[in-house]
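Visitor: I'm new here and like to know how things get their labels. Could you walk me through it?

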Amino acid sequence: MADDIRAMTAQLAADPASLVFLELGEALRQRGQLDAAYKVARTGLARYPDLARAHDLCARILCDRREPDRAFEEWVTALELDPGLAAAHKGLGFLYYQAGDLASAERHLELAASGDPADSGVRAALERVRSRQPMAEAGAVPAPEAGSIGPAEAAGVPAAEGGPAPPADAAPELDGREPGGIERSVVAELEQGTGALLLVDANGLRLGGRLRAPDGADVSDPVAALLAGASREAARTARLLALGEWTHLAVECPDAHLVLAATKEGGVLLALRGPDAPMGRLARFAERAAVVAARWLEAAG
Amino acid sequence: MSDPREVLDRLSSVRGLRGSALVSAADGLVVADSLMTGVDGRALAALAASLAIRLRRTVEAAGRRPPAFLQLQAAGGAVLAAPCGPDLVLVAIATTEANVGLARLEMLEAARRLG
């Protein structure tokens, strides 16, 4: 495989417009060279932003990097560009399964199976999801254990230990059902620290979740320290301009959308998504997540 | 660069906006404004500029590019801000009845013209 990678790298260097970046990125991902794979994928995406397979590649790498929220967004984008892309349905099926949303997992795996009937892995995963569903609906079994599922392998993404958290904002809101969905996904993000949700106290100390920079670096602590000041500034601005209590602060950057939501005792919750995430929806999610986070914190003691 | 006064007057005509101001990012002082009676332009300028600077530092610490638009939402209204280049910030104050989506579009266009 090393020779293949060298050959593909050389091919891409000779012809930067070549679609070989798809194979090269996947090969690097399979070798666990995730940073290199991500660079290849992002470079390819910059050249081919409307190529669904490039978004799918990116999503697989992000999944390996334990960034399920961003993987979710990439797969959703892939399906917006190519609604029949079986690989993206497989990936979303995996993420929904991890989130315990068996109905959505089943729906995406069905679409994946219809898009690629020859994929026996998807069919097997679908059967396993269906076999668990009646028990789950009856409350006889808890949400699926992380790493226990076939859809991960079927999707070509790893069944990660500890399980990547569910895509926090999208799963419950896209479906508009399963009232416990958002609570579970927020708690998973706070406990597992998947890189897109950060809970901070009034002194700038991290209480839960994690934040990662685009290069994968953990930037939780420096951002937490600055967030406390931003939260105080937001409260002061709202108070002095006679606007009452502040509820959220939406920050639109060219490469990210962020929303800060006020929590109890001067704390703040930060939700980060890609620039394609609808800001209004992200704001709603952040406000709801702040309520869930406060409950989680009380329960944690 | 367009005439700031003209741009601010147009912006302040958006329904639900109580006024807008062009502010020096470094010191929070008003460069030009178009405000309804009762809006403290100096306070709006100072507070919004300070908030914009803090948020810029925060997103940069997160490895992201500087903000293009900010919305501080509160129970009684909102403060909106759009940096115009490195030195200026366009700010506006809105009631709860404002169409923030429209105000955002107008502010981004105004920031482009003023930057």
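Visitor: What makes E3(B) and E4(B) a pair, and in which sense do they run?

Guide: Two strands pair if DSSP finds at least two bridges between them. E3(B) and E4(B) have five bridges, in the antiparallel sense, so they meet that definition. For example, Leu70(B) stands opposite Ala81(B) in E4(B). By the way, this is a predicted model, where local features need pLDDT of at least 70, side-chain atom pairs count only at pLDDT 80 or more, and totals for chains, interfaces and linings use all residues. Residues are numbered from 1 along each chain as its sequence is written, with chains lettered from A and ligands numbered from 1 in the order in which they are written.

Visitor: How do you know that E3 of chain A pairs with E3(B)?

Guide: Six bridges join strand E3 (residues 246-253) of chain A to E3(B), and the two run antiparallel. Leu249(A) stands opposite Leu72(B) there.

Visitor: Why are E2 of chain A and E2 of chain B said to stand at the edges?

Guide: The open sheet has 10 strands, in the order E2(A)-E1(A)-E5(A)-E4(A)-E3(A)-E3(B)-E4(B)-E5(B)-E1(B)-E2(B). Strand E2 (206-211) of chain A and strand E2 (30-35) of chain B each have a single partner strand, so one side of each has no neighbour in the sheet.

Visitor: How many residues of chain B are in contact with chain A, and what counts as contact?

Guide: Contact means that C-beta atoms, placed from the backbone, lie within 7 Å. By that rule, 30 residues of chain B are in contact with 35 of chain A. The largest share of chain B's side, 12 residues, comes from H2(B).

How values were computed. Two residues are in contact if their C-beta atoms, placed from the backbone, lie within 7 Å. Helices (H or I, at least four residues) and strands (E, at least two) are DSSP runs, numbered from the N terminus.
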